[in-house]
Structure formats: C-alpha cells, structure tokens
Amino acid sequence: MQFQQLQYFVAVAETRHFTRAADLVHVAQPSLSQQIKALERELGADLFLRARGNITLTDAGEALLPLARRILADADTARHEVQELVQLRSGRVRLGATPSLCTGLLPDVLRAFHDRYPGVRLLIEEGGSHDLVRELARGALDLALVVLPLPTPSPALTTVELLREDLVVVSSPDAPRPGRGRRTVRVCDLEGERLVMFRHGYDLRELTVAACRAEGFEPDFAVEGGEMDAVLGFVRAGLGVAVVPRMVAARSGPGLRVTPLARPGLHRTIALAHRSDVAPPRAARELQRMLLER
C-alpha cells in the first residue's frame with residue numbers, strides 16, 4: 001500500500017468522480033485509475049462501485065476512508081513538524097474552540113502567542129465540543145478547547161482541565177431586570193422569562209436547558225438558533241435574556257446588563273484536548289503551554 005494510492009483513493013471518495021479526483025491531485029486520470037486498481041488488488045477488495053455517472057463506496061471503501069484520512073493527516077502533521085525551525089520562526093497551529101471561547105478566552109492568549117512567534121500561522125476552527133472531538137480524532141486539529149464532560153468520552157484523547165467558568169444572565173438595560181430586580185438571579189427565576197437560545201449543538205444550550213428542567217420547568221424561547229454574536233445582539237434588542245459565560249459578558253461591550261447567578265450558580269469546565277497517540281507539533285505545544293499558564 002503506497003501513500004500516493006491513499007491520496008488518490010480519498011480524492012475519488014470525496015469527489016465521487018475519477019476525472020475530478022485526478023484534477024484535484026494533479027495526475028492524469030488513467031494513472032489515477034491504475035493506482036486505485038492496484039490498491040484494490042493489494043487489499044483484495046473493491047473500494048468503489050462503478051456505474052456510469054455514479055461512483056459509490058463499497059463496504060470496504062467505507063471502512064478504509066477514515067483510516068486513510070487519518071494517515072494522510074498524520075503525514076501532513078509530520079511534514080509540518082519537520083519543517084518547523086527550532087526557534088519557532090515558522091509552522092502552524094490548528095486550534096479548535098467553541099465560539100464562546102473564541103470570544104472570551106482566546107483573544108488575549110493568541111495575541112501574546114502571535115507577538116512572541118509572528119511566523120507561526122494560527123488556524124482557528126469554531127464548533128461545538130462534539131464536532132471538535134471528531135476533528136481531533138481524524139487529525140484535522142492539533143489542539144481543541146472543549147467543554148467537559150465530553151459528549152462522547154474518547155480514550156484516544158488526552159484532556160487537561162484549564163478553567164472553571166461561571167455563567168451569568170445578560171439582558172437589555174431597557175428591559176425589566178430578571179429575577180424581580182434582585183442583584184442575583186436563581187435558575188428558577190428564569191421560569192416565565194423569554195430566553196434567547198443558542199442553536200442545537202452548543203454546549204451552553206444543553207447546559208441551560210438541563211438546569212431549567214432540573215428546577216422543574218421547560219425554558220420558554222423567544223428566539224433560538226443563533227451563534228454567540230447573534231444571541232448577544234438579540235438580547236441587546238430586548239428580545240429576551242440569555243445565559244452566557246462571564247468572560248463573554250465582560251467583553252460584550254455596552255448595551256447589556258449582566259446579572260450573576262445566585263449560588264450555587266451554573267458553571268462549565270473548559271479543558272484543552274489533543275490526541276493521545278500523536279504528540280502535537282512544536283508550535284502547538286508552545287501554545288498549549290501558554291494556555292495552561294495563563
């Protein structure tokens with residue numbers, strides 16, 4: 001099995017077309033087809049069902065695809081690791097984070113990292129913890145900031161707890177203060193409040209809904225489905241209140257009233273995750289150190 005054959009196989013699997021795959025990997029289509037056939041002979045199984053205008057994966061192809069992607073991703077990571085200079089004058093870091101962490105935690109840390117290592121490219125991917133764990137597992141990310149507990153615990157990942165963050169309630173200053181005007185709000189005070197709610201897949205959505213149900217009521221959504229910036233904008237417009245991380249609220253600028261949650265309150269645990277079987281590249285390890293020492 002040759003590395004090049006895996007590249008060709010993944011290209012066909014993703015394009016479902018031999019000619020387009022050949023263009024993608026910059027090789028003549030007959031050469032690509034020959035290499036795919038050679039790979040199938042070596043594996044002893046067809047990888048594609050070939051019908052006119054319709055290329056689909058066989059069961060063997062479906063089984064090989066995630067493994068091939070991981071091999072290619074690991075090779076790409078190894079290439080960048082070797083190419084990095086000892087002084088970290090070059091390289092890249094692929095970091096995943098939830099949108100709220102991109103707003104609250106990361107700006108200061110990334111600025112400090114960039115000031116120290118201006119030649120290192122920072123590639124940031126936003127997503128929910130579930131999506132980020134999947135991207136880590138397939139080698140598309142070096143590090144990820146995720147919310148614990150993970151939606152699907154994975155022995156293939158190493159997680160290090162980074163911080164425990166309080167959640168607060170934000171509302172428009174023009175609207176009545178939630179909790180009947182008290183300086184703190186209990187979760188039960190959110191019953192009857194119109195909530196601005198994040199889209200499905202947001203860790204904050206699941207946490208808030210679960211807290212409301214634990215108090216015996218279903219949350220009432222004024223609007224739902226937004227990302228962090230949209231949620232804050234809807235709250236500023238007076239559509240409802242939202243439960244957000246304290247760091248996000250502190251950076252949100254004017255136009256929002258912040259009300260703490262009464263003890264025991266709501267919290268979330270942030271962790272830094274990476275694959276257990278592959279050491280992060282040198283630049284990623286340096287960013288990891290700066291995050292842990294923040």
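The largest pocket has a volume of about 220 Å³. The structure is a predicted model, in which local features need pLDDT of at least 70, side-chain atom pairs count only at pLDDT 80 or more, and totals for chains, interfaces and linings use all residues. Residues are numbered from 1 along each chain as its sequence is written, and side-chain values use heavy atoms, without hydrogens and water.

A pocket is an open set of points on a 1 Å grid over the protein atoms alone, with protein on both sides within 12 Å along at least five of seven lines; a cavity is a set where a 1.4 Å probe fits but cannot get out, and lining residues have an atom within 4 Å of a point. Grid points are joined across faces, edges and corners, and a volume is the space filled by probe spheres set on the points.

Of the 13 residues that line the largest pocket, Q7, V10, A11, E14 and L72 lie nearest its centre. Two or more lining residues come from each of helix 1 (3-15), helix 2 (18-25) and helix 4 (59-83); helices are DSSP runs (H or I, at least four residues), as are strands (E, at least two), numbered from the N terminus.

Four cavities of 30 Å³ or more are found in the whole structure. The largest cavity holds about 100 Å³ of space. Its lining has 14 residues, with R94, L141, D142, R275 and V278 nearest the centre. Helix 4 gives the largest share of this lining, three residues.

T259 belongs to strand 10 (residues 257-260).
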